Amino acid sequence: MTTPSYPTTWRRPPQIVKDRRWRLALQIGIFVYLVLAIGSVEVNWARVYDGLERGQRFIMGFLQPDFSSRWRDISQGLVESLTMTLTSTVVGVAISVPIGIGAARNLAPRWIYYICRSIIAVSRALQEIIIAIFFVAMFGFGPFAGFLTLSFATIGFIAKLLADDIEEINEAQAEAIRSTGASWWQVVNYAIQPQVMPRLIGLSLYRLDINFRESAVIGIVGAGGIGATLNTAIDRYEYDSAGAILLIIIGIVMVAEYGSSYLRKFLQ
Amino acid sequence: MLHLERLSKTYKTGETALHEVTLDVPKGQILGLIGPSGAGKSTLIRCINRLVEPSSGKVLLGDVDLARLGKTDLRKQRRRIGMIFQEYALVERLTVMENVLSGRLGYVPFWRSFLRKYPAADIQRAYRLLDRVGLIDHADKRADALSGGQRQRVGIARALAQDPELLLVDEPTASLDPKTSRQIMRLLTEVCTERGLPAIVNIHDVPLAQQFMQRIVGLRAGRVVFDGPPEALTESALTQIYGEEDWNAMRAGDAEQAAAEAEARDRIAALAK
Amino acid sequence: MTEITHHSQVWTYRTPKARLLLWGGWLALVALFVWCWQLMTRDTIWFFVTDAPRQAADIGNRMVPPRWSYMSELWLPLWDTINIATLGTIGGVIMAVPVAFMAARNTTPSATILRPIALFIIVASRSINSLIWALLLVAIIGPGLLAGIIAIALRSIGFVGKLLYEAIEETDARQIEAIEATGASGAQVLSYGIVPQIMPAFWGISVFRWDINIRESTILGLVGAGGIGLKLQASLNTLAWSQVSVILLLILATVVLSEWVSARMRHAII
C-alpha cells in the first residue's frame with residue numbers, strides 16, 4: 001500500500017489583494033511614498049538638541065506643576081472656558097433641535113430639509129479653530145467669540161445626529177399617533193420626542209465634554225478661555241504653569257467623562 | 001494512562017464543582033462523561049489540562065502530575081493533550097491550514113509560528129490530517145467560511161496535529177444537527193481507535209453516548225455516581241445521575257440550552273461585524 | 001372603593017414628585033446658564049458685537065473673488081500636511097499598540113500598576129488637542145514638520161489606544177483558550193489567538209484616525225508646526241482674505257477626499 005505524498009510547504013494565501021502584480025505595485029508604492037515623505041521632513045538637529053533641555057524642563061514642569069504663581073490667570077481662563085462650554089452647549093442644543101427636526105427627511109418638507117442639511121454640512125466641514133478665527137475677526141477677542149464658535153460647532157454635531165436618529169425612529173409608532181388624527185406638532189410631541197429624548201440628552205452631555213476640550217484650543221487664536229492662558233504660559237516658557245494647566249484640563253475631562261456616563265445611566 | 005486522584009475544584013464563588021473525583025482511563029479507551037448541566041463535566045476536563053486550576057488532588061498523565069507543574073513544564077505537557085471544543089473554538093479569521101498548524105505551536109519556536117514557516121514534517125502532517133477528516137480541498141479557506149460540521153473536523157485535525165496521547169472532548173456535537181453529530185462522533189471514535197488514543201468525551205446526548213462510548217461515567221454535583229459500560233446505563237442508573245426528573249425532559253431542556261447558546265453566538269457575531 | 005382613594009383623581013403624565021424634580025432641574029439649568037452668561041460676558045465689548053455684521057460683510061467682500069493664482073504656492077504645503085498626517089498616524093499607531101495591550105483587562109501584564117498607567121496615557125492624550133501638543137512641541141523642538149508629526153502621533157495614541165483596547169477586551173475567549181490548550185507560549189497565544197481577532201478593528205481604527213488626522217494637520221501650521229496652516233497663518237497676518245478663501249477651499253477639498261479614501265479603504269478591509 002502506497003501512502004499518498006503530501007506537500008511539504010505551505011504559504012498563507014493573500015487575504016486582501018489577491019493579484020500578485022497589484023500586491024507588488026502596492027508594496028513598491030507604499031515604500032516609495034514613505035521614502036519621499038520621510039525625506040521631506042527637514043529636521044534641524046541642532047535646534048532639536050537645544051530643545052531637549054527644554055523638553056526635560058517641560059516634563060519636570062508636568063511632574064511638579066506650579067498652580068500658584070499664575071493662579072489668577074489660570075482661574076480667569078478656567079472660568080471663561082467653563083462658562084463658555086456651558087452657555088454654548090445650551091444655546092447650541094437649543095438651536096440644534098429645530099434644525100435637527102428640519103433635517104429629518106420623514107418630518108420636513110423638501111426645501112426645509114435641504115436648507116437644514118446645508119447648515120449642518122457647513123458647520124461640520126469647518127473646524128472649530130477656523131470658525132474661531134472668523135468670529136474673532138468679526139466680534140473681537142475674548143470669550144464671546146469662543147461662545148459663538150462652540151455654539152456653531154455644536155449645531156453641526158447635535159443636529160446631524162438628531163436628524164439621523166429621527167429618520168431611524170420606529171415608523172409604526174408615528175403611524176399610530178398620526179392615525180388618531182394628531183397634528184404635526186402632536187406627532188412630534190408624542191411619537192418622536194419620547195423616542196429620541198434619551199439619546200438627545202446623552203449627545204448633549206457628550207458635546208459638553210467636547211466643547212470643554214475645544215475651549216482649551218480656540219483660545220490660541222484669541223477666542224478666550226484656558227487656551228489663551230496656556231498659550232501665554234508656553235510663550236513665556238513657564239512650563240511649570242503650562243504643566244499645571246494641562247493637568248487641570250486632563251482632570252476636568254476625566255471628571256466630565258465619568259460624570260456624564262454616570263448621569264446618562266441615572267437619567268435612563 | 002490517565003489517573004485522576006481525589007481531584008477537587010472549588011470556585012472563588014464558593015461553589016464546589018468537583019468533589020474528590022478519582023478516575024482511571026487506560027490507553028485506547030473512549031470514555032463518555034454524562035450528567036446534568038452544572039454537574040462539573042466541563043470543569044473536570046478543563047482541570048486535566050489546567051485551563052481551570054484544580055483546588056486539590058492529582059492529575060497523573062503517565063508519570064507526570066500535571067497539577068503540580070510550573071508554567072513552562074505545563075506548556076510542554078499540554079502538547080500531549082489534544083482538546084476539542086463545543087463551539088469548535090477555531091480562530092475564525094485564520095485559514096483552515098493555520099488552524100491545523102496551530103496544533104504544533106507547542107513544538108515550534110515563536111519566530112517559526114509568527115512567520116508561518118513550519119517544518120516540512122509539520123506541514124505534511126497537517127495535510128495528511130486534513131485529508132483524513134476530508135477537508136484537504138479547504139486548506140486555504142478561512143475558518144469562518146466553513147459549516148459547523150466542517151469546523152469541528154478542523155477542530156479534530158488541530159487536536160491530532162499535536163500528536164497527543166490523550167484527547168479531551170467538550171460537547172463536540174452540542175451545536176450540530178443530529179446527522180452531523182453522528183458523523184462527527186463516528187470520525188472521533190475512528191481516529192481514536194486508529195491511534196489507540198484514550199479520550200474523555202463530555203456529552204449531553206445519552207443515546208449518542210450509549211452508541212459510541214466504550215465506558216460511561218455519570219457525574220452529579222461534582223461526584224462520580226455511575227461508572228460502567230453503556231449497557232449498564234439503565235433507567236434507574238439514569239435516575240441516579242439526572243435525578244428524579246424524566247431524563248427525556250432533561251434532553252429537551254438541553255436542546256433549549258443549545259438554541260439559547262446559538263442565539264447568543266449569533267448576537268456576538270453580529271456585534272463583531 | 002376605599003382602596004383607591006389615595007390615588008389622585010386626575011390623570012397626570014408623571015408623579016407629582018417626578019414633575020417637581022424635572023421642573024427643578026430645568027430651573028437650575030436656566031439659572032446656571034444665566035449666571036454663566038453674565039460671568040462670560042463681563043468683559044465683552046458690546047460695540048464690537050454690534051459692529052460684527054459690518055465686519056462680516058467687509059471680510060466677505062475681501063474674500064471673493066478668491067485669488068486662484070495663489071494655488072500654485074499651496075501644493076508643497078499640502079504635500080507636507082498629508083505627510084504630517086500619515087507619518088503621525090503611523091507613529092501614533094506604533095505607540096498605541098503596546099499601550100492598548102497594557103490597558104486591556106485580558107492582556108495586561110499587571111492590572112495594579114501598568115493598567116492604570118496605560119489608562120492615564122490614553123486619557124491624557126485624548127484630552128489634549130493636537131494643536132496644544134503642537135504648541136508645546138514647537139516651543140520645545142522648534143517649528144517645522146517634525147513638531148507636527150509628533151503632535152499628531154501623541155494625539156493619536158489615546159484615540160487608537162482606547163478603541164483598540166476595547167477591541168482586545170471584546171475578543172472571543174474560547175478561541176484564545178483553544179490556542180492555550182495546544183501548549184502555546186504567551187507570545188504565540190497573542191499572535192494566533194488575539195491578533196487575528198483584532199486585525200480588522202486595528203486597520204479600521206488606523207484608517208479612521210488617519211482621516212481625522214488629515215483634518216487636524218491642516219491647521220497645525222497656525223502655531224508653526226508646518227503644512228498648509230503656515231500659509232493660512234501668513235495670509236491671515238497680512239489680512240489677505242482672498243488667499244484665505246483659496247486655502248479654505250483647498251482644505252475642504254482635501255478633507256472631503258480623505259474621507260472618501262478612508263471610507264473606501266475601510267470597506268475593502270472589512
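The model is predicted: local features need pLDDT of at least 70, side-chain atom pairs count only at pLDDT 80 or more, and totals for chains, interfaces and linings use all residues. Residues are numbered from 1 along each chain as its sequence is written, while chains are lettered from A and ligands numbered from 1 in the order in which they are written.

**Chain A with chain C**
- 47 residues of chain A are in contact (C-beta atoms, placed from the backbone, within 7 Å) with 48 residues of chain C.
- H3(A) gives the most to the chain A side, with seven residues; helices here are DSSP runs (H or I, at least four residues), numbered from the N terminus.
- The chain A side has 32 nonpolar, ten polar and five charged residues. Ala, Val, Leu, Ile, Met, Phe, Trp, Tyr, Cys and Pro count as nonpolar, Asp, Glu, Lys and Arg as charged, and the others, Gly among them, as polar.

**Chain B with chain C**
- 22 residues of chain B are in contact with 19 residues of chain C.
- Helix H2 (71–78) and helix H4 (110–115) of chain B are the elements that give two or more residues to the chain B side.
- That side divides into nine nonpolar, six polar and seven charged residues.

**Helices H5 and H8 of chain A**
- H5 (residues 128–139) and H8 (residues 184–218) of chain A pack at about 55 degrees, with axes 10 Å apart; axes are lines fitted to C-alpha atoms, for helices over the stretch in contact, and angles run from 0 to 180 degrees between N-to-C directions.
- A:Glu128, A:Ile129 and A:Ala132 of H5(A) meet A:Glu214, A:Val217 and A:Ile218 of H8(A).
- These residues divide into four nonpolar, no polar and two charged.

Technical notes: Contact = placed C-beta atoms within 7 Å.
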